[in-house]
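Let's walk through this protein together, starting with the whole fold and then zooming in.

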Amino acid sequence: MSDTHSHTSTPRGFETTAIHAGNTADPATGAVVPPIYQVSTYKQDGVGGLRGGYEYSRSANPTRTALEENLAALEGGRRGLAFASGLAAEDCLLRALLAPGDHVVIPNDAYGGTFRLFDKVVSRWGVNWSVADTSDVDAVRAALTPQTKAVWVETPSNPLLGITDIAAVAQVAREAGARLVVDNTFASPYLQQPLALGADVVVHSMTKYMGGHSDVVGGALIVDDQALADELAYHQNAMGAVCGPFDAWLVLRGIKTLPVRMDRHSENATRVAEMLGRHPRVTKVLYPGLPEHPGHEIAAKQMKAFGGMVSFRVAGGEEAAVEVCNRAQLFTLGESLGGVESLIEHPGRMTHASVAGSDLEVPADLVRLSVGIESADDLLADLQQALGDK
């Protein structure tokens, strides 16, 4: 099920690749959509004779193969690997890269589940970590030790929408002999391609923009180094937290509309951020598309647009922020992000409760929005009433 990506001689536009990479017509029927191979095992052509390389669906499944080829093409990598969740992908990566005594630099703003994985799980088997503001290249350099094997970056970050200069941090990591891992969930490969900027590994929660419809959970790793790809594939099979065929099919379907969705997400989020910036009850808006954002110039350089995530701080503190979340009507109160419908949440009490008391603790007056693709006028009206406008 191979298709065109960065390692072929005929590159295609992103929109074309999103629709066609990995999505060859079914050879048996001509179906233009890859079938859901809801199967656990495969008939072999004699002992050790695998038909098409398939023997057991933990090791490989044709629907998952189609998705993995699509992921590699979209991120410009040699290999994509699909997992049961974003955290399953991260766990596989960390176990493949690290050994007891190794060190990782993690960002001072990151998904709470990622922090929990480092703080409560990975640290128990002797891996050390320290926190740095990854938007400051000198801070990253200062955090490195002789044992550092990886630098972990989210850009834009969750939930404070910080921006890291991927190319600059990649160079610092490379000089230290460490790999740069970039969580590209907030941007998606349509808006940003970290491998082309020097990253070693791209991480996705496919649950978010890749799936795009709040109906599937999945994760992905994409790499361009063949030896690293082989190591990750070995661990994926050995650990077994793979993406199921139906989930893979749903993500493949979502990816086909990723470009048009991300364009609308970005357009709507820009209007929301601009409105919030004028509102008297909002003390600060965090959106890299705003010229006053400290990472705006870097984001403009490494991203096609600025994405659909907006955070803001509310006058009146934590209770006022919670009130805004509860008053919203069109914005659904819920965790996660990246679906076609708009969501609102209070990170301190919801998605980022696990970072309370740590260097990653988020402001109590913070509200995070996942701006959907509804009518922008309706979204603005809902936020205005949630903020107390008549």
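Predicted model: local features only at pLDDT ≥ 70, side-chain atom pairs only at ≥ 80, totals over all residues.

Numbering runs from 1 along each chain as its sequence is written, and side-chain values use heavy atoms, with hydrogens and water left out.

The protein has 13 helices and twelve strands; these are DSSP runs, with helices being H or I of at least four residues and strands E of at least two, numbered from the N terminus. The C-alpha trace spans about 75 × 50 × 35 Å along its principal axes. For 390 residues a compact globule would have a radius of gyration near 21 Å, and the protein agrees because its own value is 21 Å (taken over C-alpha atoms; the globule rule is 2.2 Å times the number of residues to the power 0.38).

Of the 390 residues, 54% are buried (under 20% relative accessible area; exposed is over 50%, partly exposed in between, with a 1.4 Å probe and protein chains only).

Now to helix α12, residues 317-327: its buried residues are A320, A321, V322, V324 and C325. Their cover includes strands β9 (309-314), β10 (332-333), β11 (343-345) and β12 (366-370), plus helix α13 (376-386).

Finally, look at T283 in strand β8, residues 282-286. T283 counts as exposed because its relative accessibility is 51%. Beyond its neighbours within four places in sequence, T283 is in contact with R313, V314 and A315 (contact means heavy atoms within 4.5 Å). T283 and A315 sit 32 residues apart in sequence, yet 5.8 Å apart in space, C-alpha to C-alpha.
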